[in-house]
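This briefing is for a reader who is new to the structure shown below.

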Amino acid sequence: MVSAAFLKECDIFSGLNDAQMKELVAMAREEDYAPGTLLYKIGDPSTHLYLIEKGKVFLEMRSDMGPTRPPMQVTVDVVSRRGAFGWSAFEEPNLHTLTALVADPTRLISFEGKTLKALMDKDPQMGFEIMKGLSRLLASCLKDSRVLLMSERALALLTSDTEYA
């Protein structure tokens, strides 16, 4: 059974009261995955929000390295305990924007997006608190993406044959 105490530790649900947490626990599902499991690919339908209870998941994408180099798989984020991913289940067209690959033996807590959205509609205060948590998650993802982009651009400049003034 999913622990309310664990869910309360997760930033995305940290603002919920005990009654709201009880409803959330009732819809949560535990799922165990082995390393190397592909959870979903970019463009797949996004139906669930996930939290990591234990383990690690890589969020990846292919990156075009220019006309003279083959595309490469880039790890955009590494999600670990108390981290959340799968936010596309909340936003049309509900398609994943990254690929999720299990890195370690992992236990996920999953929430079916439509069911969670219905609960959020039924309890607007709960919906507001969860949306604040999702906003924090997306802000963190954007910050991490900026850091990754800047480091890749710097590496490209350092390894390029072209001189820049």
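Strand S3 is mostly covered, as five of its seven residues are buried. Buried means under 20% relative accessible area, exposed means over 50%, and partly exposed lies in between (1.4 Å probe, protein chains only). The model is a predicted one: local features need pLDDT of at least 70, side-chain atom pairs count only at pLDDT 80 or more, and totals for chains, interfaces and linings use all residues. Residues are numbered from 1 along each chain as its sequence is written, and side-chain values use heavy atoms, with hydrogens and water left out. Helices (H or I, at least four residues) and strands (E, at least two) are DSSP runs, numbered from the N terminus.

**The sheet**

- Four strands make up an open sheet, in the order S1-S8-S3-S6, with antiparallel pairing. Two strands pair if DSSP finds at least two bridges between them.
- At the edges stand strand S1 (29–33) and S6; each has a single partner strand, so one side of each is left without a neighbour in the sheet.
- S3 pairs with strand S8 (residues 106–112) in the antiparallel sense, over six bridges. In this pairing, Leu 51 is opposite Ile 109 in S8, and His 48 is opposite Glu 112 in S8.
- Helix H3 (residues 113–122) packs on the sheet and touches S3 and S8; the direction of H3 makes about 55° with that of S8. Axes are lines fitted to C-alpha atoms, for helices over the stretch in contact, and angles run from 0 to 180 degrees between N-to-C directions.
- S3 also pairs with S6 in the antiparallel sense, over two bridges. Here Leu 51 stands opposite Ala 84 in S6.
- In a regular strand, side chains alternate between the two faces of the sheet.

**Aromatic rings**

- Four aromatic pairs are found in a search of the whole structure. Rings of Phe, Tyr and Trp (its six-membered ring) pair if their centres lie within 6.5 Å; planes under 30 degrees apart count as stacked, over 60 as edge-to-face and the rest as tilted.
- Tyr 40 and Tyr 50 form a stacked pair, 6.5 Å centre to centre with 25° between the planes. This pair links distant parts of the chain, with Tyr 40 in strand S2 and Tyr 50 in strand S3, ten residues apart.
- Tyr 40 is buried at a relative accessible area of 7%, and Tyr 50 is buried at 10% relative accessibility.
- The ring centres of Tyr 40 and Phe 85 are 6.4 Å apart and the planes are at 40°, so this pair is tilted. It too links distant parts of the chain: Tyr 40 is in strand S2 and Phe 85 in strand S6, 45 residues apart.
- Tyr 40, Tyr 50 and Phe 85 form one aromatic cluster.

**Two buried serines**

- Ser 46 lies in the loop between strand S2 (38–40) and strand S3 (48–54), and is buried with a relative accessible area of 5%.
- A polar atom of the Ser 46 side chain lies 2.8 Å from the backbone nitrogen of Ala 89.
- Leaving aside neighbours within four places in sequence, Ser 46 is in contact (heavy atoms within 4.5 Å) with residues including Gly 86, Ser 88 and Ala 89.
- Ser 88 lies in the loop between strand S6 (84–85) and strand S7 (99–102), and counts as buried at 5% relative accessibility.
- Leaving aside neighbours within four places in sequence, Ser 88 is in contact with Ser 46, Asn 94, Leu 95, His 96 and Thr 97.

Key. A polar contact is a pair of N or O atoms within 3.5 Å; within protein, one must be able to donate a hydrogen and the other to accept it, and residues adjacent in sequence count only if both atoms are side-chain atoms.
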